[in-house]
Amino acid sequence: MVRLVKVKPHIERFPEYEELDWIVSHAIGVDQTSDAMRFSQVLAQAAVIRGYESYYYMRYDDSPERNYLPMIYYVVIGNPKINVLLREEIEPVGHLFNVIAVFSSNYLIQRTAQRALLFDGAKTNATLVVNTSLSPDAVISLVKKYSLAQDWNGKVVTISSSKIDKSIAFPMIGATLRGYEKIDLDAVLRALDILGLEKKKDSVRKGYEQAVVKEVNIRAEETEKFKTMKHEIEIPEFDGKYWNPEVYYAYQKAAATAENYVQRIAAMPRWEVLAPGLIEFGPKPGDRNIGFTTGEWRFQRPVINYKKCIDCKLCHLYCPDGAIDFNPIKVDYRFCTGCGVCVTVCPTKAIEMMQEIQAMEGLIDEEVPVKRFEEREYGY
Amino acid sequence: MSAVRPVPPITIEKPVAKVWTGARAIAEAVKLADVDVIAAYPIRPYTGIMNAIAAMIADGEFQAEIIVADSEHSQFEVVKHAAATGARVFVGSSGVGLMYAYEAMLVTGLGSVPVVGVVGTRALDDPGNFGMEWTDAFTTRYFGWLISWPRDVQEALDMVLVAYRVAEDHRVLQPHFVALDGAALTHVAMPVYPPTKKQVTEFLPPYRPPYRIDPMDGPVTKAQHIAPSLIGPEQRKRIDVAMLKAKEVIIEAWKDYARYVGREYPPFIETKWMDDAEIALLSMGAYMKDIELVVSKLREKGLKIGTVRLRYLRPFPAEELVKVLSGVKAVGVIEFGFSFGSPYRTGPLYHEVATALYEADERPKLLDFLFLGGREPKPEHFIKAAEMVNELAKGKTFEKKAYWLTLRGEDI
């Protein structure tokens, strides 16, 4: 029997990072890597033009060669210098982010690539920029329900980017300028010249003009997320015994049920409980591995119409993630990445893809991506 | 007669820094050096460099032969042979990919072919670990390659240009790696001022090997089969001496680089606050930025501490290090590599430093701080290291030589 202890996890804040300005963007890997990169590159170059030391980079842990994997880009703007090394795994803790740019609205209701809440690590006056056709009010109510558990006195900026430019980065840049003051439109237009992107000036201008801005004042206690989330986790009490599968499972469960970044890190095992030889204790036959869920990659989900389903099992056989139960046929949404292979192989067209945000909240967002193969970027 | 037209005052606009990743900056250096042949095979973090070069060639900015090989082994073979025919070449890899190329690499070294390459450092895989560790680059110490280690993206670009100059010098003629801390340098974009094409052309003359494999020059054989008893030791002695000579070539090259490009660097060791330091933290690469931040804050509190950054691992600046650290009471070595079961369970940089300091008249005490498996240290870990080194200087005895400050669980 494993004895569990309740802990309230905590990570020290990082004052050197909080002194800097951060623009963090969340995007869908492969489909939006090049958008997030362009977005960050232009803003960083514009900040340099205005005399700030400025860096941009992608979170190194992300593997955008895998379809739909959530990914993060950072722009860091010094005040005016950056005296600290920027690590790739920035812990979203304390008050870092001035701007949170969301390229696809499914990140309003899912956790980020770091399995953090969208607002983990945000400054209290942060601006949330969302590429969406939803209204700012709709965005605010989604955020309160799913991804905000702290005070927020900032702004929401929404922009329907793909109506302006297929490269959604550029309208997004314009929209960002409406909620972040250190970089101005002139600096961005000069940066576009330097980067050989003169043709995109119009898209940036239109993004700037068409963005919808709304002020927000919310206290943590008012959010549904704060009320419903647990603030403690249970991890095994270390008793000096090594390599015990039950201890391992207890850690795994703590990590799987962690609700934010700090909790997930606290649920990582100490070295003594790792079995020799990179052994991970797998799930029991018939179960799935709760230590490796992939459901949060999804911006669309397959929905089975059982009236048309002839129970041929093809979707079960072809599912690359083993996320469809055999008997009866049923999608396990903890593991479904929303790739759509099942839709393609279904002989009776019994499966349809539905936007995740529609399935969860009944909303339809015209900006939730259709696949854009010509814009895809692979490799790292 | 018309009046003399007033001449507008000349305004020299300060160039705007380019915000480039380490990968992009390296690619620009390759372009500036007018490299002829590039061999590529993807592995993160080196992939970024390969992509950046390929994009430049595809966009017509830069003309060179890029060969995507079927493996790292072939990749290093391609450049070895191309360089032997007189081409200026570029290559690179990371982690286990680099390991796969070892055979080709060591023939490149023993064959004195001045290939220039980049290692984007990466953990040697427990499957999938692409975190930053130094063990891949450190394991190439035995092959007759020069190895240098930049602190930021600007220095990485500069170091690649200097690497060509040093490697191709007839007193050296050995291959040269520039080791970039994976992720921290290869994939972070920061402001860079690239030198102009004219500056580089003046600094870096074309590659002219003394004997190249080209029928036009008359028949030569390179890297022929060696009968051990006939020229085994003599062959190696030439490289041993080349490494010795490389030291003067490196000093000259950096002086010239400052003259033509206008950026100065100390050739082997960069020190800060060492004039009156009683204790020191020593390391290489990108994390020096955090180490220096921590040390500058500790100095404000009155602690006499300094920092030492090695810029070259091969040739190792032993005499220079002894000079810097003689009389210092205690030194903490901060490193990202390990050798399991090594003396006192320490890392390879510690071994190098300890060997060098053995010859010092006043040997400082040493502690090793290991950051392994790709988990990144934070400033708080370097503060802890500095505190431990301070205690060591004050006479506290430590049970071990090496400490794993980012480990979860007991550090036994």
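**Entry 1: the strand pair across the chains**

I began with E3(A) and E8(B), which pair in the antiparallel sense over two bridges. Helices (H or I, at least four residues) and strands (E, at least two) are DSSP runs numbered from the N terminus, and two strands pair if DSSP finds at least two bridges between them. I noted that A:Tyr57 stands opposite B:Val188 in E8(B).

I recorded that this is a predicted model, in which local features need pLDDT of at least 70 and side-chain atom pairs count only at pLDDT 80 or more, whereas totals for chains, interfaces and linings use all residues. Residues are numbered from 1 along each chain as its sequence is written, and chains are lettered from A and ligands numbered from 1 in the order in which they are written.

**Entry 2: the sheet**

I traced an open sheet of nine strands with mixed pairing, in the order E8(A)-E7(A)-E6(A)-E5(A)-E2(A)-E4(A)-E3(A)-E8(B)-E1(B). Strand E8 (212-215) of chain A and strand E1 (18-21) of chain B stand at the edges with a single partner strand each, so one side of each has no neighbour in the sheet. Neighbouring strands are turned by 20° against each other on average, direction ignored; axes are lines fitted to C-alpha atoms, for helices over the stretch in contact, and angles run from 0 to 180 degrees between N-to-C directions.

The bridge partner of A:Ser54 in E4(A) is A:Ile77. H2(A) packs on the sheet, touching E2, E3, E4 and E5 of chain A together with E1 and E8 of chain B, and its direction makes about 5° with that of E4(A).

**Entry 3: A:Ile49**

I looked up A:Ile49 in helix H2 (residues 33-49) of chain A. A:Ile49 counts as buried because it has 22 C-beta neighbours inside 10 Å; the cut-offs are 20 or more other C-beta atoms within 10 Å for buried, 12 or fewer for exposed, and partly exposed in between, with C-beta atoms placed from the backbone. Leaving aside neighbours within four places in sequence, A:Ile49 is in contact (C-beta atoms within 7 Å) with A:Ala187, A:Arg190, A:Ala191 and B:Val16. The C-alpha atoms of A:Ile49 and A:Arg190 are separated by 8.0 Å, although the two are 141 residues apart along the chain.

**Entry 4: the contact of chains A and B**

I noted that the contact takes 29 residues from chain B and 30 residues from chain A. On the side of chain B, helix H2 (46-58), E8, H10 and H13 give two or more residues, and E8(B) has the largest share, four residues.

**Entry 5: helix H10 of chain B**

Just after H10(B), I found B:Gly302 with a positive phi of about 100°.

Key:
Two residues are in contact if their C-beta atoms, placed from the backbone, lie within 7 Å.
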